[in-house]
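Please keep the sequence and the structure in view while reading.

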Amino acid sequence: MLANSVLGKLYGFWLCSAIFNLLRGIYRPFARAFHESAIIRFLGRAPKVELWYANSLTGRAISAVWGLLLRVFSKLMAALRRPASGSFVVRCCSGSYFCNFEFLMCAGFFVMFCAPHSFWSNSYGLLMAAGLFGLYFLMAAAGAREAVSPLALGFPFLLFVISVPLSLIFTSDMGDSLRVGMFFAAAFLFAYVFMAELSDASRLERLERWIYAAVLMTALYAFYQRVVGVEVSASLTDLSLNTGVPGRVYSTLDNANNYAEFLVLFTPLCVAWAMQRRRPTARFLACCGIALPLLALVMTYSRSGWLSIAAAALVFVYYLDKRLIPPAFVVCILAIPFLPDSIMTRLLTIFNPADSSASFRILVWQGVLDLLADFGFTGIGMGPYTFANIFPLYAVNEHTTAVVHSQMLYLELFLEWGALGFIGFMWLMLRHVKDSAFAITRERDKSLRLGLTATLSGFCGIAVLSVFEYIWYYPRILFAFFILLGAALGLMRAAKAGNKLKGDADAR
């Protein structure tokens, strides 16, 4: 409580300062001109391509197949309902907290990311995605869930989905491409299930609660690794330039960079959940708990992770209260002299051209650009083995011949799925950023608004990180990315439905 009062007084001094009033006077005319500009009015319109997509032959075919399957299984469920209603299994599951779809979905998320890497198999993710999708479909057929059409994922999503099987035509290792293709199929199912299930603020709150628990659990495990010690890896750190930097924690995931990616994706949702606790004490403790994943991210010594969480925080604070950005920036500058030597050493290597990690990436990118000149339109197919079969012919340095991916998501999109996959994905993400930005400013429900802010922040952060890492190489991060995308699309649907109902009520 004392800390809150001190921060409140400092914030009040800032709002009354001459510097703040000067900045506000400069900002307001530009803000009005920007929000009323023709560009903003154009971007704020609903995309007509989705209407064309729904009325196209492809859209009508998808709707017809989806409707037919629902009708068939609906009749099957109706026929089985009466004989099954008195069964022992149904009696046990009726009204049970543990035997309902929402619990299974959220608990599945928790287990997926809290299971240590040595105990995890990617086949578990495939089974989980198929099981959740199958269960949701059966519930929709029985009338227990909304039968959300796959068209709700959007036309850009369809383009990217189509590019995955098309890439099999050009692969040099069909077995490995099919293996990776199964992971993407599971990721698409996760995106659909989370999009369809998150239809209101209450379901969002319950999912955020589980995400908060999972993030804190992995953070505690990261602290445990720091206490027992993590071996310094020369493959992850330039030992000659990073003297004194300890081993990088990775918690339950494969390596430190993977764990940093997970934290960048989901920490903003944890902040959104913590801020919405009703009791002041619970809100204070939940907000204090956010320090654990932030400190865990520091202990990963992932420079790209640090830059990415800063970008995510900037977006979050901008939509929360943009007046906080200047003082937060000043606090960050003032905190630099108090940082530990190991962190300062790691930060300074960002600008050191002799750093082997940065120079290695540049060499890989040079070879990938030459490879794209020959295969950029069609792509080379999915999977690390396909990449490893072709890249040595284009490697500009003998030290880069053994790499299995391009070290950047955007290059990998072009390289594996060709122009179609790159366009589909970039279109999908840019539209999500645009729609989220408009939805945040229009949404009245605080929970949905904070949820949209958190998902947008996570994607902006991971967009920065994706410049330096191929984040989908580890399947659990691939699943995490599309789970967050599905949650974001679900929140968008809920916001649009709520605004439509409000508009109809106002019209009456």
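## Basis

This is a predicted model, in which local features need pLDDT of at least 70, side-chain atom pairs count only at pLDDT 80 or more, and totals for chains, interfaces and linings use all residues. Residues are numbered from 1 along each chain as its sequence is written, and side-chain values use heavy atoms, with hydrogens and water left out.

## Aromatic pairs

Rings of Phe, Tyr and Trp (its six-membered ring) pair if their centres lie within 6.5 Å; planes under 30 degrees apart are stacked, over 60 edge-to-face, and the rest tilted. The count is 44 aromatic pairs. One of them, Phe113 with Phe262, is stacked, at 5.0 Å centre to centre and 25° between the planes. Phe113 lies in helix 7 (residues 101-114) and Phe262 in helix 12 (residues 256-275), so this pair ties together parts 149 residues apart in sequence. Helices are DSSP runs (H or I, at least four residues), numbered from the N terminus. Both Phe113 and Phe262 are buried, meaning under 20% relative accessible area, where exposed is over 50% and partly exposed is in between (1.4 Å probe, protein chains only).

Phe157 and Phe188 form an edge-to-face pair, with 5.5 Å between centres and 70° between planes. Both are buried, and they belong to one aromatic cluster that includes Trp417 and Phe482.

## Cysteines

A disulfide is a pair of cysteine sulfur atoms within 2.5 Å, and the count here is zero. The sulfur of Cys288 is 7.2 Å from the closest cysteine sulfur, in Cys287, too far for a bond. Cys288 is partly exposed, at 39% relative accessible area, whereas Cys270 is buried at 0%.

## Charge over a ring

The charged end of Lys322 sits over the ring of Tyr318, 5.0 Å from its centre; the rule asks for NZ of Lys or CZ of Arg within 6 Å of the ring centre and within 35 degrees of the ring normal.

Notes: Helices (H or I, at least four residues) and strands (E, at least two) are DSSP runs, numbered from the N terminus.
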